[in-house]
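Subject: Structure handover

Hi,

Here is the structure I promised to pass on. Please open it alongside this note, and my findings follow below.

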Amino acid sequence: MLAANRILAMNSIPVPSWKEAESKISVEINGVYVQLKNAPDQFQRFVRPAVFSTDNEIWELQYHGSATMVRYGGRDMAITTAHQTGDGHAAPRAEKFVIVVKDEERRLTVPPRSVRNVMVDAGENTIAEDILFYEYDKQGGRKVADHLELTKVLWSDAIGLKVVYSFLIGFPSESVIIELDPSDETAIGEYKLRWIRQDLEPAERQPLDPGNRNIFIKHHQSSRRSVKPDGLSGSPVFSVVQDSGNDCHLRFDGIVTHAKGDRFAVYPSQMIREALDTIQDDGSVER
């Protein structure tokens, strides 16, 4: 009886309030709840270097910025900015975009099924926005990459929320490590691209900021090193937000299109949602 009383006493020890609060602060990522402190680094699997085929026997692939992998309405897509692409000279052609996948011991490049612009009305004309969508089919019944399910996130037009933490994930150009093969100077021995996470906070617009963008800056309390923003075009920005009941949610704020120093102009996700809805209706322009 004494032992039973001891067990009962041990089971009645109160859980520290800080531990209870920590267990409740989590966000949903693709249907799985992840503790807030572990959530930001989970998003690197939804961001990839924007890689393009060169048709060159020696330098087969070209890196040009970052790409965000998403799923919407059952469609798997990559998102980049349009200015990451070009005519094939200063920047690669959009149709050369590929996803690199590992198949047993080989690395394969998978091209998109289609590439689509975001078109907006401008009076009597329509103009292309600085966003591209690359749609993929499953390969042999398998997905080509991890994709963030956008039907499970909040969008940039969600209101009445308190921002807990904002951040971006991307592949800056200065993170590239290239080592040549010492036995063959024309061959690459090792090629690595490292992702970074930067702490952000919203900022007021300034006169020279691009139009139709939300502005974020490096958080004033961040201890992370500033990096040159080249290569961060196409990077997603996310916020963990709280509602009136103090429950946490993930908000997809948008895609970085311009940056200068620690200042980032972000294409709002509500506009991306509108474009995705148009793609669902097959009304968008295909390149």
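Strands here are DSSP runs of E with at least two residues, helices are runs of H or I with at least four, and both are numbered from the N terminus.

Before going further, some housekeeping. This is a predicted model, in which local features need pLDDT of at least 70 and side-chain atom pairs count only at pLDDT 80 or more, while totals for chains, interfaces and linings use all residues. Residues are numbered from 1 along each chain as its sequence is written, and side-chain values use heavy atoms, with hydrogens and water left out.

**Overall picture**

The protein chain has three helices and 18 strands. Of its 287 residues, 43% count as buried (under 20% relative accessible area, with exposed meaning over 50% and partly exposed in between; 1.4 Å probe, protein chains only). Taking contacts (heavy atoms within 4.5 Å) between residues at least 6 apart in sequence, 61% join residues at least 24 apart.

**The barrel**

Six strands form a closed barrel in the order 11-14-15-18-17-16, with antiparallel pairing. On average, neighbouring strands of this sheet are turned by 40 degrees against each other, direction ignored. Axes are lines fitted to C-alpha atoms, for helices over the stretch in contact, and angles run from 0 to 180 degrees between N-to-C directions. Two strands count as paired if DSSP finds at least two bridges between them.

Here are some of the pairings:

- Strand 11 (residues 162–170) and strand 14 (residues 196–202) are antiparallel over five bridges, and Ser166 stands opposite Leu200 in strand 14.
- Strand 16 (residues 236–242) pairs with strand 17 in the antiparallel sense over seven bridges, and Val241 stands opposite His249 in strand 17. The two strands form a hairpin with five residues between them, and Asn246 in the turn has a positive phi of about 65 degrees.
- Strand 17 and strand 18 run antiparallel and are joined by six bridges, with Phe264 in strand 18 as the bridge partner of Ala259. This hairpin has two residues between its strands, and Gly261 in the turn has a positive phi of about 65 degrees.

Helix 3 (residues 269–280) lies across strand 17 and strand 18 (263–268), running at about 35 degrees to strand 18.

**Back to His258**

His258 is partly exposed, with a relative accessible area of 35%. Its side chain makes a polar contact of 2.8 Å with the side chain of Thr257. A polar contact is a pair of N or O atoms within 3.5 Å; within protein, one must be able to donate a hydrogen and the other to accept it, and residues adjacent in sequence count only if both atoms are side-chain atoms. Not counting residues up to four places away in sequence, His258 touches Asp130, Pro210, Arg213, Arg263, Phe264 and Ala265.

**Charged side chains**

A salt bridge here is a side-chain nitrogen of Lys or Arg within 4 Å of a carboxyl oxygen of Asp or Glu, and the count comes to 13 salt bridges. In one of them, Arg273 meets Asp157 at 2.7 Å, N to O. That pair links distant parts of the chain, with Arg273 in helix 3 and Asp157 in the loop between strand 10 (148–149) and strand 11, 116 residues apart. Asp157 is partly exposed at 32% relative accessibility.

Asp199 forms a salt bridge with Arg197, the closest N and O atoms being 3.8 Å apart, and another with Arg224 at 3.1 Å. Asp199 lies in strand 14 and Arg224 in the loop between strand 15 and strand 16, so this second pair ties together parts that are 25 residues apart in sequence. Asp199 is buried at 11% relative accessible area, whereas Arg224 is partly exposed at 30%. Salt bridges that share partners join Asp41, Arg197, Asp199 and Arg224 into one network.

Which side chain of opposite charge is nearest to Lys218? It is Asp262, 4.7 Å away, and Lys218 is buried yet has no salt bridge (Lys and Arg count as positive, Asp and Glu as negative; His and the chain ends are not counted). Lys218 belongs to strand 15, residues 214–218, and its side chain makes a polar contact of 3.0 Å with that of Ser226.

Best wishes
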